[in-house]
Amino acid sequence: MSSPPAYPGIRISGCRALGAEGSSNAESLDRLLPPVGTGRSPRKRTTSQCKSEPPLLRTSKRTIYTAGRPPWYNEHGTQSKEAFAIGLGGGSASGKTTVARMIIEALDVPWVVLLSMDSFYKVLTEQQQEQAAHNNFNFDHPDAFDFDLIISTLKKLKQGKSVKVPIYDFTTHSRKKDWKTLYGANVIIFEGIMAFADKTLLELLDMKIFVDTDSDIRLVRRLRRDISERGRDIEGVIKQYNKFVKPSFDQYIQPTMRLADIVVPRGSGNTVAIDLIVQHVHSQLEETPFLSVPHRFVPRAALASAHQCHPLPRTLSVLKSTPQVRGMHTIIRDKETSRDEFIFYSKRLMRLLIEHALSFLPFQDCVVQTPQGQDYAGKCYAGKQITGVSILRAGETMEPALRAVCKDVRIGTILIQTNQLTGEPELHYLRLPKDISDDHVILMDCTVSTGAAAMMAVRVLLDHDVPEDKIFLLSLLMAEMGVHSVAYAFPRVRIITTAVDKRVNDLFRIIPGIGNFGDRYFGTDAVPDGSDEEEVAYTG
């Protein structure tokens, strides 16, 4: 199957670098493109516009980051099965990214990662940089890509591990200093012009899709993109296309079409083919109980219920219930307590809890000299650094108490919210200090009921190479279900709390409990039970 000739009927005179006229040229190119998706109502863009940013998904309730961690793991706290990887190949500007976004939206699976091959261009030498500046470097050749890094990255994602992905700047033809972090998911979509050009890479793909788009349309799209987004001039784009892009397509890309499981003619305009792809992926997911949409959320609640007759785990430490501690619990549990008193006594409990937790850190013998010139045999903290990580929003209320007792402590935050339709915790935001892997981490959340959110947060820390035995989960109040859940999945995580209640109700509220800690502390109105409104934060 040969492509039509490369746009022979266009003549362009007076080409200039992109400015006001360049923008006008880019807009005029839109008129040359056929309408997309004419067989259905227009779709909203569901992923971020920049490939270097984590993709976004739009569910019926909210926009969520797909750079998240699913909470369903086997009894060892590890991923039960590798993710399903889809490869999207095709020529430059064939519509691969658009097809990927349409598949993501139609799949309606919350845990999807979109990985672009464009992020993996090799670092250019000075000579190659000079060639690229004059449109004399072939970016459409297999040697332009770092396949070793692509393969190792995809392998880790399939195993559910976090990865560092380079960010490529097309205006300067170079990698940026910062790298982005992606996390494993149910489905990984890998797209790129050379997606099928490496044998080892092919073996990692569970489905291979080739997007076949007319060469004239691809050229128009490339002109529009390079002019409007990458600051190129029309003459340079045409020169690069004729010299490198089209010959490379004929030699390296089009031959890989025979390796594809599915060929999509007309790219994103072929909505019938996209629907068939989505149906096939769903059938594959349903054959795998771990990934099946109807069974996505299998939290530790099911496991914990089987363990509630067992004694509490040894990794749990409960602050001694002195009359003072019990008195403070009486005040904060009382529904008639004013907000000021609730905050005051909660802070007192937090301080005691953190002081108690610090006693479990490693200490070593050390000798200091007193002002009287005498030696004192004492203890010194044996670790490198203490970092606090709060699960927003309730967990951040514990940060002042941690700062008060740990000088120069570093703070990170994780935002986890519940999907009201599925009951799944979802990771929306993550900010962790650099080089956290050597630290002892104090993970803070004020209440833990089922343990689903806490386990997701622990998984995020493990993905950042924090050893399990260096993680300390602190909570003012926990349910036995949550204690068993966390301890069963992560038996080396230290769990520290001021009280453990025995039950949770049908809505997974701790009984007798403390109410919604965040609402009572911040003075916000509670979301009515059964409401379709979005919770501010998941405190499970």
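This is a predicted model: local features need pLDDT of at least 70, side-chain atom pairs count only at pLDDT 80 or more; totals for chains, interfaces and linings use all residues.

Visitor: Which residues of helix 10 are buried?

Guide: Helix 10 spans residues 323-333. Its buried residues fall within an arc of 105° seen down the axis, so they line one face. Those residues are Val325, Met328, His329 and Ile332.

Visitor: Which residues are exposed on the other side of helix 10?

Guide: The buried face holds Val325 and Met328, among others. Turn to the other side of the helix for the exposed ones. They are Pro323, Arg326 and Thr330.

Visitor: How many residues of strand 7 are buried?

Guide: Strand 7 covers residues 187-191. In a regular strand the side chains alternate between the two faces of the sheet. Here both faces are covered, with Val187, Ile189 and Glu191 on one side and Ile188 and Phe190 on the other.

Visitor: Which residue stands opposite Ala85 in strand 7?

Guide: Strand 3 (residues 84-90) pairs with strand 7 in the parallel sense. Five bridges join the two. Opposite Ala85 stands Ile188.

Visitor: What is the bridge partner of Leu114 in strand 7?

Guide: Strand 4 (residues 112-116) also runs parallel to strand 7. Five bridges join that pair. The partner of Leu114 is Ile189.

Visitor: Which cysteines form a disulfide?

Guide: The structure holds one disulfide. The two sulfur atoms are 2.1 Å apart, within the 2.5 Å cut-off. The pair is Cys366 and Cys380.

Visitor: How many residues apart in sequence are the parts that this pair ties together?

Guide: Cys366 lies in strand 11 (residues 363-369). Cys380 lies in strand 12 (residues 375-381). So the parts tied together are apart in sequence by 14 residues.

Visitor: Is the link of Cys366 and Cys380 right-handed or left-handed?

Guide: Look at the angle about the S-S bond. It is 85°. The link is right-handed.

Visitor: Is Cys380 buried or partly exposed?

Guide: Buried means under 20% relative accessible area. Cys366, at 17%, counts as buried. Cys380 has 28% relative accessibility, so it counts as partly exposed.

Visitor: What is the relative accessible area of Cys446?

Guide: Cys406 is buried, with a relative accessible area of 7%. Cys446 is buried too. Its value is 0%.

How values were computed. Residues are numbered from 1 along each chain as its sequence is written. Side-chain values use heavy atoms; hydrogens and water are left out. Buried means under 20% relative accessible area, exposed over 50%, partly exposed in between (1.4 Å probe, protein chains only). Helices (H or I, at least four residues) and strands (E, at least two) are DSSP runs, numbered from the N terminus. Two strands pair if DSSP finds at least two bridges between them. The arc is that of the directions from the helix axis to the C-beta atoms.
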